[in-house]
Amino acid sequence: MSLSDGKTQLRTEEMILNVGPQHPSTHGVFRLVVKLDGETVVEAEPVIGYLHRGTEKIAEDLQYTQIIPYTDRLDYLAAMLNNYALCHTVEEAMEMEIPEHAEYLRVIIMEMQRIASHMLFIGAYLLDLGAMSPFLYVFISRERIVELFNEISGARLTYNFMRIGGLRFDAPNGWLQKVRDLVPQLRADLKLCQDLITGNEIFLNRVRGLGVYTTEQALAYGMSGINLRSTGFKWDLRKTKPYSIYDKFDFEIPVGQNGDCFDRYYLHMQEMEQSVRIIEQALDDIPDGPFIGKVPKFVRVPAGEYYTGIEGAKGELGFYIVSDGKDKPYRMKIRKPSFVNLQMLPELLKGQNMANVIAILGAIDIVLGEVDA
Amino acid sequence: MWNWATHPVSWLSFLGMLIGTVVILLLTLVVVMYSIYWQRKFIGWIQLRIGPNRVGPFGLLQTAADVFKLLIKEDIIPNKVDRVLFMIAPIIAFVPSFMALSVIPFSRTHVFTANIAVGALFYLALSAITIHGVMIGGWASNNKYALIGSMRSAAQMLSFEIPLGMSIVGVVLMAGSINLNDIIAGQQHSVWYIIPQVLGCIVFLIASTGELNRTPFDLPEAESELVAGYHTEYSGFRFAFFMLTEYVYLFAMAGLFATLFLGGWSGPWLPGWLWFAIKALIYITFQFWVQATMPRMRVDKVMPFAWKVLLPLALFNLVITAVLKAVL
Amino acid sequence: MFGFMKGLGVTLRQLPKKKVTLMYPEQKPVWPERFRGVHRFIPDLCIVCNQCARVCPTDCISLSGTRGPDKKMRIDTYDINFDICILCSLCTDVCPTESILMSDTFELATYSRDNLYLDMHWLYENELAYERNHPERFVKDAEGNVESEKAGDAE
Ligand code: SF4
Ligand code: SF4
């Protein structure tokens, strides 16, 4: 067999590579089976479920208040938003009145949480791409938010802070002032990230035009959040289906143009700026009042089926509750944005090389606690 | 000047060589230890951390502790590896890196290093051998990540070797010699070559970063993609050898950079070895600084970058140098 | 090339800034008043109403009590399994007498799971330690007895 005669070529084989479950860049216990031809991916198959805890099933056996700590552990980087999503669904189902003060406080907290979550995305993404420092810088900024959450709720990660009808505590004395002082600091931190990352040619070279998909594709896969908006489709539940008091604030929904990884990165940056704006406005208007409304001793959702979604940090986060009128849900289903967004991965990875696999996976921004629930 | 080459090899001169080698080896080990320490401290400060601070005063013995840990670790040779190749790969990688040091003039007098006529060429030739060690290591490990890492490494080191060589040629033209000592002598009489050779210097900086597999060209060890690259399966002192190789090259490259562009040991007031140390430290610190700032390049853009950007730049620099040399 | 340089400038500017590292084992973090660490328990106040055990989402509290001669319930055993406790603080929410509360002890690491079953005595010790560490959080009545906690945590 000669190499040169054209017909009988050197036999090459595809190589199956298990990326994960223990791999530095899979953001948790996630496994990706990729079939490689050289360094080019022929086929990729995500394997999930390593972190499955059966949250939905456990919830059937718990009272609504008891479910809240479990929602902390879905997207553990945005626990406040998860707390709120569940409380909101139950409140909608019970047609509860939430005091203004509580709603404003909730919005401030949720937007802070969104910033913290996006910050972490930026850091982790850049770490995937090989830059170490941004990770530590965003952790410092995130720490400022987490410290404030620690002060108000008593925990740093799993807050368990929202309650059906309001919040667990009111803000301690001086807390709102601290948030006010944080706003310029956050702006400065964002500027640092912009200076360090956004203009960097190596970074741009790496993520521009990578992992492109169209709005149609994204919609067909049911994507939401930044993953959808990066294609230029304006869909943010805070604006399109306003919940809570988001219709009172003046903010923008940034959208991308190309639907590539750079747009997804940049949207995170822009959204944080918008979140800072919302926090500022909410701080100015926050009225006094009770931090929790009138809640019956036993929270009983009237029989029926209810669904509400909110704009989580990763996309539409929804709780679907089937109730038979008891104080526990008959069945609960969580619409987990990370899980839905992940579905397009095999299609996106086809034909890419190993280095891009990590860049594309990172840009989708999954949190395994949420994917596996 | 007393020279190894002009004397016949006798037992006494052999002993002298041996002592010289051991001294250089110890010196290198100390330099490597403290460049790792400095890397951790410096990057730590940039990242608003304090870096190593537990072992010894200011953590000065941290690297020593790490090395000690690596040395007493169990020597693991996985079952399905090619035993012989697996064992000799770190040696093949390390030996040339150490040999390359032999031409770097640390100070005015060549006490322990050789003053050979083809110094620059010798360095380039030796550093190419290390690639074999890396490739063999990756191949013998029988691990897919290691294989990809070693292939990337080979491709990358080879392609950066050429612009690196070309950028050196500019300096060689200026000095009219490949002998590193003559190059320094040339700079003593005029200015440091970093000024007339600015373009060559930039190409050298970039290409040497690629050659050293450091950020932003650290693809062979891209830990977020390839776990640890070619040394995924290595542990204990074999791994230590690969690490050592990497940092010895960093030192050697710093020495080369100082020699070629910053005038080596020459400089006023201070003793030569101190000038050399300062200049090498500048290069090393620059590498760490870049490492703390940059993300990694995309693998499919590195090779075109080396061939389509760096090489033409280096050639352009060469032409300009030649023209200037002829005109002036 | 401009963005590249700008990045280098940004990292260089961080060099002289104050470092954020907390030298942990020597230097302890300062926790806010609401911090949810390991529980503390005051046996004298407990009326064995079992609400904490019922509300706990992970079922990690087990308790038992007997009726004393004065017809009041007294707690006999009270164990929390910190292997599965998620420190959600729901138990402290429902306790009508505030006999179970959160402290700011947080170092629970140990070599054996058995060590994570903590009983009433340990939890009471923890309460005493908490009182020692944070005297300012307790107001004292005329006789000098610890009466109640300051406002802010009382909800
Ligand atoms: S903190 Fe939560 S999990 Fe722990 S004992 Fe109390 S209710 Fe149970
Ligand atoms: S809720 Fe409070 S009073 Fe009731 S059993 Fe638990 S600790 Fe005792």
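Visitor: How many residue pairs are in polar contact between chain C and chain B?
Guide: Bear in mind that this is a predicted model: local features need pLDDT of at least 70, side-chain atom pairs count only at pLDDT 80 or more, and totals for chains, interfaces and linings use all residues. Residues are numbered from 1 along each chain as its sequence is written, chains are lettered from A and ligands numbered from 1 in the order in which they are written, and side-chain values use heavy atoms, leaving out hydrogens and water. A polar contact is a pair of N or O atoms within 3.5 Å; within protein, one must be able to donate a hydrogen and the other to accept it, and residues adjacent in sequence count only if both atoms are side-chain atoms. With both residues at pLDDT 80 or more, the count of such pairs between chain C and chain B is 4.

Visitor: Which side chains meet in a salt bridge there?
Guide: Look for a side-chain nitrogen of Lys or Arg within 4 Å of a carboxyl oxygen of Asp or Glu. Chain C and chain B have 1 salt bridge between them. At 3.1 Å, N to O, the side chains are those of B:Arg54 and C:Glu26.

Visitor: Which three residues of chain C supply 37% of the area it buries against chain B?
Guide: Buried area is the accessible area (1.4 Å probe) that two parts lose on being put together, summed over both. Here it comes to about 1300 Å², with 76% from carbon and sulfur atoms. The trio that gives more than any other three residues is C:Leu8, C:Leu15 and C:Lys19.

Visitor: What about the interface of chain A and chain B: how many salt bridges does it have?
Guide: The buried area is about 2600 Å², and carbon and sulfur atoms give 59% of that. The rule finds 8 residue pairs in polar contact, both at pLDDT 80 or more. As for salt bridges, the count is 0.
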